[in-house]
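Good morning, colleagues. Please look at the sequence and the structure on the screen while I go through the main points.

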Amino acid sequence: MTRSLFSLAAALVAASMLAAPGSARAQDGLRLAPVPFSQQDARELKQTISHWQDGDPIPFGYHAERKPRIGLLVAGSLTFAIPYAIGAFSAANSESKEMFVPIVGPFITAVNQVNRPCSSTFFCGDGWKAFSGGVFAAVGIVQGVGAAMLIAGAVGKYTLVADEPGSVSVTPMYLPSGAGIGVSGQF
């Protein structure tokens, strides 16, 4: 209601100033005083908004917005997609196609790698099998963490307090003393 009264008062003052410049002085002792708003008031308002939490009252002139967690979406998609792409590329160039299955495929490949008979003398020791199985398991863990981050970013949203956008409207005015342009705004 206060906002509407302020807008109405601002529109009346602007209309009287634009329509009849000679009559813009105060009449009958009525004067509009500027609203005092100091830097301290601005700091307190900013502090109130920066410490706002769900359930707190929303300050005048602001509204609550729900936003997706973009950081989790980006980090999760990269953390999932890069190891998956590397695994899918390696599966395309080998006989085992388990790496095409996201998250579970690297664990299947790790178990198969440890139990697979040696076909080469260079990569055939038990230490190498254990190492390569561990690498595949780590790839599966990283894919799982990336998928969890991606889901959390898509489902989880946070609430923030945003300033109301201002608006200005210009309209023609017809008064008994003449015509003019009326400008009104909300800030």
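Helices (H or I, at least four residues) and strands (E, at least two) are taken here as DSSP runs, numbered from the N terminus. On that basis, the order along the sequence is α-α-β-α-α-α-β-β-β, with 5 helices and 4 strands in the chain.

A word on the source. What you see is a predicted model, in which local features need pLDDT of at least 70, side-chain atom pairs count only at pLDDT 80 or more, and totals for chains, interfaces and linings use all residues. Residues are numbered from 1 along each chain as its sequence is written, and side-chain values use heavy atoms, with hydrogens and water left out.

I turn to the chain as a whole. A residue is called buried under 20% relative accessible area, exposed over 50%, and partly exposed in between (1.4 Å probe, protein chains only). Of the 187 residues, 18% count as buried. The accessible surface, from the Shrake-Rupley method with a 1.4 Å probe and, for residues, only the protein chains shown as cover, comes to about 13,200 Å². Carbon and sulfur atoms hold 67% of that surface. Contact means heavy atoms within 4.5 Å; among contacts in the chain with a separation of 6 or more, 59% are between residues 24 or more positions apart.

Next, helix α3. This helix covers residues 70-92, 23 residues in total, and spans 32 Å from first C-alpha to last. That is close to the expected 33 Å at 1.5 Å a residue, where the expectation is 1.5 Å times one less than the number of residues. The buried positions in α3 are Gly-76, Phe-80, Pro-83, Gly-87, Ala-88 and Ala-91.

What makes up the nonpolar surface patch of about 480 Å²? Its members are Ile-70, Val-74, Leu-78, Ile-82 and Ile-86. A patch is made of residues with over 30% relative accessible area and no salt bridge, like charges being joined within 9 Å and nonpolar side chains (Val, Leu, Ile, Met, Phe, Trp, Tyr) within 5 Å. A salt bridge, in turn, is a side-chain nitrogen of Lys or Arg within 4 Å of a carboxyl oxygen of Asp or Glu. Leu-78 belongs to helix α3 and, at 48% relative accessibility, counts as partly exposed. In general, an α-helix has 3.6 residues a turn, so residues three or four places apart point the same way.

Aromatic rings of Phe, Tyr and Trp (its six-membered ring) pair if their centres lie within 6.5 Å; planes under 30 degrees apart count as stacked, over 60 as edge-to-face and the rest as tilted. By this rule there is 1 aromatic pair. The ring centres of Phe-80 and Tyr-84 are 5.8 Å apart and the planes lie at 10°, so this pair is stacked. Both residues are in helix α3, 4 residues apart, about one turn of the helix. Tyr-84 is partly exposed, at 23% relative accessible area.

Is Gln-143 buried or exposed? Gln-143, in helix α5, is buried, with a relative accessible area of 0%. Beyond its neighbours within four places in sequence, Gln-143 contacts Phe-80, Pro-83, Tyr-84, Pro-102, Ile-103 and Pro-106.

Phe-107 lies in α4, residues 105-115, and is partly exposed at 34% relative accessibility. Leaving out residues up to four places away, Phe-107 touches Ala-137, Gly-140 and Ile-141. Gly-134, in α5, residues 126-155, has its C-alpha 6.8 Å from that of Ala-110, 24 residues away along the chain.
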